[in-house]
Amino acid sequence: ESDDTLRDSPRLWDKHLQSISGEISVSELEGDCDQVTRILPLEETSNSSLLAISAVPGSCGTSDNALQDDLTYLIDHYKPTMLVCLAQVEKLEQNGLASLLDQIPMLRDQHSIQVLLFPLAENCFTSLSDIETLKILTSEISSAYSKNASIIMFCDSSDSKSCVIASCVLLDLRVTRTIEESIQILRKARSPDCITEKHVPILQKFELSFYKRLPQSFITKCEETILTSTEHEIDEKAESKDFCEDLERELQTFYKLNLLEQHRDALWKHTQRIMKLLSFASETIQFLAAQSLRQLVIHKKAKQEIKENSGIELINEALKSSQSDLTSELLISTVTQVVMDNKESALLFGKIGGVSSLVHYLARKYADTDVQSSAISCLLILSSFRGQLQTIIQEANTFPLLIALLDSSVDKLVIYICDTIQNLCIDNEQNRKYFCGCDAPAKLTRAISSASDHNPLRLILLHTLKIICSHIEEIQESFGAAGVVELCVDLLSNGSQVGPNDIQTCEYTSHMLKELAIRNDKNQERIVNSNGIPVLVNLLQTVKGHEIIIGNTLDCIYSMTEDNSAVIEIFLQHGLLQLLTPHFFQMLAGNLATNPASEVSLVNALGIVSHMTMESTPAQKEFREVQSIGIILQFLHAGVSPSIQLSAARVVTSLCINNDTNTQLIINDGGLESLIELLHSDDAALLDCSLGAIATILEENHDCHHILGDKAEISLLVSVLSSGAWQLRTKAAVCLTLLANDEDETYKQTMLKCGIVPQLINSLFERAKKLIAQVSFSISVLAENNKRAQNDFRKAGAISALVNHLQDGTYFTASGKPCKNTDIVKIAVIEATIALCRDNAACVDAMIKARGLDDLVVLVHTSNEELLLRVLELLWVVAGTESYLQGSKYQNAIRIADKKKNMLSLFAAIPKLLLHYEERIALNATGLMCALSVKNKKTTALFLEYDAQEMLATMPTTSNVSLREQMEQAKSLFMK
């Protein structure tokens, strides 16, 4: 029937009275609790009615006639017409007062005093079950008082039964308007603790029943008073004092009426008038208006009234000027109700400075914790709205205050703060950075460390830390410096995993370790140094069935094992690979149907295997021995997710590198056929990994080439060269080159028939460094000693395409970055040109026509020895080519090309190379010099001009047969 959040109204009322007048001291009370205390009438009148409370007659004296003396005193001084005895008979007997009951006939017959015996148990009225008894007694006493009875009540103990009944009588007789007012009268008249908090629930219940049966005239008077107050300006002059006091009473009544839905439906129309009362100078009226407004907003129409009549602005102004924490608390609570689930109202409150008002209460040094809780509760609602409102909260300097308040000893406040931080950080990386800048990770870490294992607050703090956590480098560094990594490892190592709190702790901490380890060497090192690796391995063993924790753990391990051989070694020592059994992979795969997120876990598990077995024979052997290779190959089959197939292909690559045993096992189990099937995929990344795995198998095992040597498979590889990213074309070229290198020449012929030539040439027009180098190598393999292939490439324009790469230019690396160091491209291009031109005059002619010699004579002066070696070899091939029509044609072509360049002559450079320490360069230089000089007096003369004889004479002896033969030929040409 009422809003549970306001059932503590006596607390609010007590605190309000104390805030404006100070606490009531015992010394100021009228009378002593053991003596007769008059309750009604409130002031001396000629009316004979009386309601008083006294001690049990005879209980205060020490003489034998104490009972008789007390009764005589009561009769003579108060002339009672009714005595209400609430004492139990056994209690009277225990205290030696049983004779009191014997006096009842005398009191009735001699003094016409009615004695109402109503024995009540001790601690009666401390539970709602006694409400009917309370109603009966209240009704009896109220009725008697209304008939001019003079009533004295007494009970047998100090549990305040008489005071509880008296407070209800005051309300029932409408002497007071609220139960709080009644309680204050009793406390002032009797003692401050005559009615305690344990009596409040039943008194509130009685109050609700009282307000249910109020006549309409009573409600109308309340409305008229409020209407008058807003139609006339009331000041604090003496003549308005009575009116203000009356208004206070009516506002209390108005609030109580609103507790009942039956009245609230009729009273919401006064919302606007109540809002106006917030501007009154009287703190009590402000408080009561705020209290009423807070109750009114439970009604939807009242909320609408506030929104449509500038109510949010009025409340915010009252909030700014309020001098009472209690009033402020009620106003904040009202705003919270208004903006809840209404982004428009929330944004308006933020724009008019409402957030700043809330921050003001949070920042006060001696702020009331209830006000702070209300302010945080409102911020919590506001923070749930994304976008501009969160920006307003951030700009109001709220974040540092929230972090500072985490030190509060009030758990409720800390929980609200944590929830607010979580709202502000979800899907908002910028706010996460702001909180890190406010030292949130360090503050939360300390709070978590100091909380006990079974304190629910620790889990809330941990969840907040998890929400702030992110793999953004700035946040990772902040968390790392705050000791979060060490905290997570410690919590995981101590977790018992026996209850939901432990599982939640594992989930949050494993999530943070995952985020902090992503591409962050420092945090990965922190995990290692805090002995986190065995903790992570143990976690995979102990949280079976908890997919989120397993997923987080695998993600963390994946990041740590990527390109980190030292970390991989530690994981191997703690038996990580031994956990990655077929059963483990089946468990992960079994979750795919019900939980799509399990795919990430499976991909990470496969990635970990790939990292750990890459070029590591011991790891490759260990994984083979756990017999998981078979299930890895199953993940290559059709119907499996492309991302899983891709990861499985990477594992195959890692297992096969430099490992004949694993390669043969994979071939025997049909792994190569499964990889070939994946070449039909439209997924570029999957195709890339499949080509990489196939290339590795082909390189490690030549006996399996026949599996891929059929025309259909070769045609499939050639088709990859015609489309797709350059990375795909590069790997397809690798596979084709490995097949072309086979002793079986039929593979080459099949490739030529499948149209490989134009596809390779088309790739030469790209600027990807790796692609050009690989395609050039493929051409060299296909053209080597193969006239048909040489001519096919020449006719398709391969030579001019190759020559274009002899000049400096900008290429791109695998990461897309520009690269000007093109020597590797030039080396590959020259090797391909050598293969095409060897013993093929037509190809040499094409190379000369493409002005390739102009670039080669320049490259003779390169400092790159590998490049120089190939340049000399190609020039040797050109100079040594025989033409049936013109024998010296190619010699002269080189001489003419050299002459055109304005730099040191090739004929001056080559003799010096005869003495090069690298015998291969000396060999090629000697061979080139001989090829250029045979039957050619002009070139011979040029060499002699540049000291060829002296260089030949000083050449050291060598065991290299080819070099010795060339030296002999050179001497025969130049040293006659």
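I started with helix H5, on the side where Asp109 and Gln110 are exposed. The model is predicted, so I read every value as computed from it.

Next I looked up which residues of H5 (residues 104-111) are buried. They are Ile104, Met106 and Leu107. Seen down the axis of H5, these buried residues fall within an arc of 165 degrees, so they line one face of the helix.

I then checked what that buried set packs against. I found helix H2 (66-78), strand E3 (82-85), helix H4 (99-102) and strand E4 (114-117). After H5 comes Ser112, with a positive phi near 55 degrees.

I moved on to the largest pocket. Its volume is about 1100 Å³. I listed 45 lining residues, and the closest to the pocket centre are Met614, Thr653, Gly692, Lys731 and Lys770. Helices that give two or more residues to the lining include H32 (547-561), H36 (598-613), H42 (684-700) and H51 (823-837). I sorted the lining by residue class: 19 nonpolar, 17 polar and 9 charged.

Last, the cysteines. How many disulfides does the count come to? I got 0.

Note on methods
Residues numbered from 1 in each chain as written. Predicted model: local features only at pLDDT ≥ 70, side-chain atom pairs only at ≥ 80, totals over all residues. Heavy atoms only, no water. Buried < 20%, exposed > 50% of the residue type's maximum accessible area, 1.4 Å probe, protein only. Helix = DSSP H or I, 4+ residues; strand = E, 2+ residues; numbered from the N terminus. Arc of directions from axis to C-beta. Contact = heavy atoms within 4.5 Å. 1 Å grid on protein atoms, 1.4 Å probe; cavity = no way out; pocket = protein on both sides within 12 Å on 5 of 7 lines; lining within 4 Å. Points joined across faces, edges and corners; volume = space filled by probe spheres on them. Nonpolar A, V, L, I, M, F, W, Y, C, P; charged D, E, K, R; others polar. Disulfide = S-S within 2.5 Å.
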